[in-house]
Amino acid sequence: MVENHYFYYRMNQTKLDIRNGTLFPWHFQLIAVLILLAGIALLLEKPVMGSVLVVAAGFILSAADGTEIDLKKGKYREYQSFYFFIRGGKWKKFPGAEKVYINRAKSTTRAYTAHTNHSSTFTNTEYNGYLKLTSGEKIHLINSTKKEKLTTTLQKVASFLNCPVQDNTLV
């Protein structure tokens, strides 16, 4: 298993599991941390209420999405995971990998101040890794703001799937 700030992947002889980021944005996770702390504080006085808060916070903090490929069974699925073991996602037939490729995207966020109409715009460059199947279907695998780490991970994924890596950001 290899861990990164944004994603991790796990490989064995026949399975590949690429976990990409969280399902909830950072402000929901911040609220979940506050709920978790409140739940822990309430565990001694009100164990039922404290347990509910801890479980709810754990649900938000552990929620993630990813892609799992099982070469032995010839299947793959894009999943949503909660508590690292509850996974939802429909298994589909895996016809084979044509290529793994990297695209660049710009993301823009506009933040407004509380008392005025002034705003600040933040623009970031993000790199996305995709898998193109031989059937023509494209699957989003991972994204990162650091191209080098993304490229290293995708090269390992491509060698596992025995396909080339194409970098579309160079053009």
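Helices here are DSSP runs of H or I with at least four residues, strands are E runs of at least two, and both are numbered from the N terminus. The model is predicted: local features need pLDDT of at least 70, side-chain atom pairs count only at pLDDT 80 or more, and totals for chains, interfaces and linings use all residues. Residues are numbered from 1 along each chain as its sequence is written, and side-chain values use heavy atoms, leaving out hydrogens and water.

**Stop 1: helix 1.** Select residues 26-42. Leu-30 sits in this helix. Leu-30 is partly exposed, at 47% relative accessible area (buried is under 20%, exposed over 50%, partly exposed in between; 1.4 Å probe, protein chains only).

Now pick Gln-29, Ala-32 and Gly-39, the buried residues of helix 1. Look down the axis: they fall within an arc of 75 degrees, so they line one face of the helix (the arc is that of the directions from the helix axis to the C-beta atoms). These buried residues pack against strand 3 and helix 2 (contact means heavy atoms within 4.5 Å).

**Stop 2: the other face.** Trp-26, Leu-34, Leu-37 and Ala-41 are exposed on the face turned away from the buried side.

**Stop 3: helix 2.** Select residues 47-62. Which residues are buried in helix 2? Gly-50, Ala-57, Gly-58, Ile-60 and Ser-62 are. Show their neighbours: the buried residues pack against strand 3 (15-22), helix 1 (26-42), strand 4 (64-70) and strand 5 (75-82).

Conventions
The expected span of a helix is 1.5 Å times one less than its number of residues.
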